Structures are given as structure tokens and as C-alpha cells.
Amino acid sequence: MFLFPCRCPQNIARRGNYGAFLMDNLPLVKALVQKLALNLNVPVSCKIRVFPNLQDTINYAKMLEEAGCSLLAVHGRTRDEKDGKKFRADWDAIKAVKAALKIPVLGNGNIRHMGDVLGCLEETNVDGVLSAESLLENPALFAGFCTAEWVEGSKEKYKDGNLDQADLIIEYLKLCEEYPVPWRMIQSHVYKILGEWFKIHPHIREDLNKQSELTFEFLYDMVNRLKVMDGRIPLYVKDDQVRRTSATW
């Protein structure tokens, strides 16, 4: 499947006139999707953000379906609503798009743990969900694990899932050694996954910032230093999930 992304709201997308800023030129978007759908041997999927006006969003989604889009992912925030912690995604808009289309629709926005996954599926009737920032911070999200911030004050019963941030980052680094990617991407993911530890020990983050050239040896050593200072920052699962998830992770 070929993905045609129309949802990036960052300034770099504004300068390059791509991502969510293609919303200012819908005839161009339609022409591009039609061209792709007619000339590729794989289905074309699209990712969009919503307009402030619901009917504009529905019309946008229908246009993409008519142009040949086979699967549509809808982020329930406008392109001006960049701060996911400040602006909640509009699941009602996603639900309306799903009801208006015949093709599969995925929901995106406010997916921070499995409770949100199930809630979005139930409230919007979408065919699946996506997560971005939360998944970068907790790659085990879709396996049922959540961070401490979603456990504190919850009425649900949670237990230590026998998995922590150190386990995740070590697994990630091993995969990067096996399947090389640019160091800037590795560094960015390290910041996300170890964010809570860096809040507690900002001097470790500063050590990372000072590195002109990163090495796996440095990163593994950094994780070990954090483990020595704090032991572990666990991820949690619902009480009835502990045995199942610890056996399959």
C-alpha cells in the first residue's frame, strides 16, 4: 500500500507546501491521488487532519474516496491544533467521516493507552486506530502496557507488567544495530522513550546532548547509568493482563 500523507502541521510542511497545508489546494490533492491510484499497482491510502467545519471535513474525505483512496486515516485535530496535550482530538468528526465513507477509516488522536484504543473503536466505529507521540514514548502501548501517568488515580487495577523503559530502549537499540537507521532518528527516539528518566536526571540528558558523534556503546552505557541510579521505571498492565503479557512480550 502507498501512503499519501496530508496531515503534517509543522512549519517545515508549511514552507514546503505539503502535509496538512495541501488542504489549501484540494484540486491538487485530488489530482495527485487520482494519478497515484491510476498508475500504481498497490492501493493508495491517505492521512488527513480535519477542517474546523465538519462538513468541509466530510467533503474532503469523500473527495479522496472518489479520487481512488482505498483507506483513510483521520487525525481528529485541525492543522493549527499541534499540541496534543492542549487540544483533544475530535472523535465525533472521525465518527462522521466513517459514517460517510465506504472505504475503511482509521482514527488518530487521543490514543495514549489501550483504554483509549477501545474507547475510540467503540465511539467512532472506525476500522482501526493509530498512535503517534504516545507510541514513541511507549512502544509497548498496543501490547497493553501503559506508563505511570495513566495508572495514578485510575479506578482500574494495574500491576507492574515486568517491563520497563530500559527494556524497551535496549530492544530498540539492538534492532537499530541489526537494521541501521540515521543517528538523528535514533537520538530522537531515545529522547522520547527515556523522557521520564531525563526529567529526573537532566544531567544525563545533557551528557547525551554533548555528544558530537553517537555510538551504541555510549547509549548502552547511558541506560546502565540510569538503571544504577533509579533501578527501573516500570510499565503497567491491567491486573488481569499481567500473566498473559509477561509471557508473550
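This is a predicted model: local features need pLDDT of at least 70, side-chain atom pairs count only at pLDDT 80 or more; totals for chains, interfaces and linings use all residues.
Buried here means under 20% relative accessible area, and exposed means over 50%.

**Helix α11**
- Helix α11 spans residues 216–230, and its 15 residues reach 21 Å from first C-alpha to last, close to the 21 Å expected at 1.5 Å a residue.
- The buried residues in α11 are F216, F218, L219, M222, V223 and L226.
- These residues sit on the same side of α11 because they cover an arc of only 165 degrees around the axis.
- As a reminder, an α-helix has 3.6 residues a turn, so residues three or four places apart point the same way.
- On the other side of α11 you will find E217 and V228, which are exposed.
- The partners packed against the buried residues of α11 are α7 (165–178), α8 (183–193), α9 (195–200) and α10 (202–209).
- Just after α11 comes G231, with a positive phi of about 80 degrees.

**The largest nonpolar core**
- This core has 30 residues, and Y60, L64, L72 and V74 have the most contacts inside it.
- At least two residues each come from α2 (26–39), β2 (44–49), α3 (54–67), β3 (69–75), α4 (91–100) and α5 (114–124).
- Helix α3 gives the largest share of this core, 5 residues.
- Leaving aside residues up to four places away in sequence, V74 touches I48, V50, I94, V97, V105, L106, G107 and N108.

**Another core**

Terms used:
Residues are numbered from 1 along each chain as its sequence is written. Side-chain values use heavy atoms; hydrogens and water are left out. Helices (H or I, at least four residues) and strands (E, at least two) are DSSP runs, numbered from the N terminus. The expected span of a helix is 1.5 Å times one less than its number of residues. Buried means under 20% relative accessible area, exposed over 50%, partly exposed in between (1.4 Å probe, protein chains only). The arc is that of the directions from the helix axis to the C-beta atoms. Contact means heavy atoms within 4.5 Å. A nonpolar core is a set of buried Ala, Val, Leu, Ile, Met, Phe, Trp, Tyr and Cys residues joined through side-chain atoms within 4.5 Å.
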